[in-house]
Amino acid sequence: MADRTSRPETLAAQTLAKVDAATGAIIPPLHPSTTYERDVDLGYGRGICYSRPDNPTYALAADTLTALEGGAATLLFASGMAAANAAFLALDPGDHVVVPTVMYWALRAWLLGFATRWGLVVEPVDTADLAAVEAALKPGRTKLVWLESPANPLWSVSDIAAIATLAHGAGARLVVDSTVATPVLTRPLSLGADLVMHSATKYLNGHSDVVAGTLTTARDDDYWARIKTVLGQGGGVIGPFEAWLLQRGLRTLFPRVRWQSASALALAEKLEAHPAIAEVLYPGLRSFPGHDLARRQMQGGFGGMLSIRVKDGEDASIRVAAKLNVWKRATSLGGVESLVEHRASIEGAGSPVPRDLLRLSVGLEAVEDLWADLVAALG
Ligand code: PLP
C-alpha cells in the first residue's frame, strides 16, 4: 500500500502526523519549562536537560522542516540573521567566502562589516553569472559560497545545481538562503546544496508574529557540529512560544505559498502592461532575465515577491506607496497581509536597489482587491 503520510503537503499539515502520546491531543502541547528532571543516577534518560540546547517544542518544528527540505537535521535560531551568522561563524578567520551582490541587505552589511573585521575574506559576485562565480572561487581557500534565490529585492535567480558543482570542485560548501522560495517551490539540498537557511519570520511562520531563523543540513558532519556549538554556546536560541507558533504556521505553508505565487504572477503580468510602470521584476515573467532558470529550478510557482519600478522616478514611487490602502506600508514579507516598501530608503548607502523601486509582498487577500488598489494608486 502506498504511504499515505509522506507527501510534503501531508507532513506539513499535520506536523509529521504526531499525536501527543500523553494526552492524545491533535494539536501539540507547548513546553515552556527551561529545565528537566535529572535521573537518580545523574543521567537524563528522557533526553532533555535544559532548554537552551533542547526543548520538545523546538523539535517538532525542526523535524518538520528537516522532512520538507529532505535534510538530515534542522536547528532553530532566534532570527534569520542569527541562523545566517552561525553558518559564517562556524568557519575560521582567514577563510574566503563568495557571496551575492544582490542579497538581504542586513546580511550584506554584517558580512562587509563585522565578519570582515572578524577575519573572513568576503568576496561579493553576481551569482546569477556562473562564469563570475567560477572566477571568484579560490580552490582550497574558498570555504563557503552563499546564494540567495530569488534574491531580495531584485529577485535574481541563481543556478543552485551548477554552483554546487563549482563550489564542491573548489572544496567549498554551498549554503542557500531559500527564504523566498520556501521548500514548497525549491529544495536546495536536492540540487546539491550543503545547507539551506530560512528567515522563518517570513513564509515558514507566515503570520508576521514570530522572528525566527533556521538552518537545515544535508549531513551531520564536523561543520554542522560547529554550527551547533555557535547556537548552543552562543545562545541565540528561539523560545518555546515562537517555536510553537512556527510549527502552527508550517501547517498552512503549502496552500499559502501556492496562493501567494498565483496572485503574484497575475499581478506581475497586469503591472507589466500598465503605462505608469517602467519595469516589473518577477521570476515568473517571460521577460525576466532568470525566467528559464526559474522554470527549471522552481516547482509549482515563482513565489509571492515582486518589485516594480515606477516610470516617473523615486518621488512618484513614494506617492504611489502613500496612496495604497489595501497594501500596507511596512517592511518584511511572507505574511498573510500584502505589504509595500520603498527599499532604497531602508537599505541606505551602498544598496544596489534603484531609487524608483517598490517591493511588493503578496498576501492572501482577493487578488482583485490588490489589483484595484494598485490601479487607483498608480493613477
Ligand atoms: N534573508 C532574507 C531573504 C530576508 O528577507 C531576511 C529578512 O528580511 C533575512 C534573511 C533576515 O531574517 P530575520 O529578519 O528573521 O533576521
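Trainee: At the start of α3, which backbone nitrogen does a side-chain oxygen of Ser-79 reach?

Mentor: That of Met-81, to within 3.4 Å. A polar contact is a pair of N or O atoms within 3.5 Å; within protein, one atom must be able to donate a hydrogen and the other to accept it, and residues adjacent in sequence count only if both atoms are side-chain atoms. Please note that this is a predicted model: local features need pLDDT of at least 70 and side-chain atom pairs count only at pLDDT 80 or more, while totals for chains, interfaces and linings use all residues. Residues are numbered from 1 along each chain as its sequence is written, and side-chain values use heavy atoms, with hydrogens and water left out.

Trainee: Is α3 mostly covered or mostly open?

Mentor: Mostly covered: seven of the ten residues in helix α3 (residues 80–89) are buried, including Gly-80, Asn-85 and Phe-88. Buried means under 20% relative accessible area, exposed over 50%, and partly exposed in between, with a 1.4 Å probe and protein chains only. Helices (H or I, at least four residues) and strands (E, at least two) are DSSP runs numbered from the N terminus.

Trainee: Changing topic, what is the strand order of the open sheet?

Mentor: The seven strands run β1-β7-β6-β5-β4-β2-β3, with mixed pairing. β1 (73–77) and β3 (121–125) have a single partner strand each, so one side of each lacks a neighbour in the sheet. Two strands pair if DSSP finds at least two bridges between them.

Trainee: And how many bridges join β2 to β3?

Mentor: Five, and these strands run parallel. Within that pairing, His-96 stands opposite Val-121, and Pro-100 has Val-125 as its bridge partner.

Trainee: Which helices pack on the sheet?

Mentor: One of them is α2 (residues 56–69), which touches β1, β6 (195–199) and β7 (213–217), with its direction at about 130 degrees to that of β1. Helix α8 (residues 222–234) lies across β1, β4 (142–148), β5 (173–177), β6 and β7, at about 25 degrees to β1. Contact means heavy atoms within 4.5 Å; axes are lines fitted to C-alpha atoms, for helices over the stretch in contact, and angles run from 0 to 180 degrees between N-to-C directions.

Trainee: Now the charges. How many salt bridges does a search of the whole structure find?

Mentor: The search finds 16. A salt bridge is a side-chain nitrogen of Lys or Arg within 4 Å of a carboxyl oxygen of Asp or Glu. Glu-37 and Arg-46 form one, with the closest N and O atoms 2.7 Å apart, and both residues are exposed.

Trainee: Which residue does Lys-138 pair with?

Mentor: With Glu-123, at 3.7 Å between the closest N and O atoms. Lys-138 lies in the loop between α5 (130–136) and β4, whereas Glu-123 is in strand β3, 15 residues apart. Lys-138 is partly exposed at 32% relative accessible area, and Glu-123 is partly exposed at 25%.

Trainee: Are Arg-359 and Glu-341 buried or exposed?

Mentor: Both are buried, and their side chains meet in a salt bridge of 3.2 Å, N to O. Arg-359 belongs to strand β12 (residues 357–361) and Glu-341 to strand β11 (residues 339–342), 18 residues apart.
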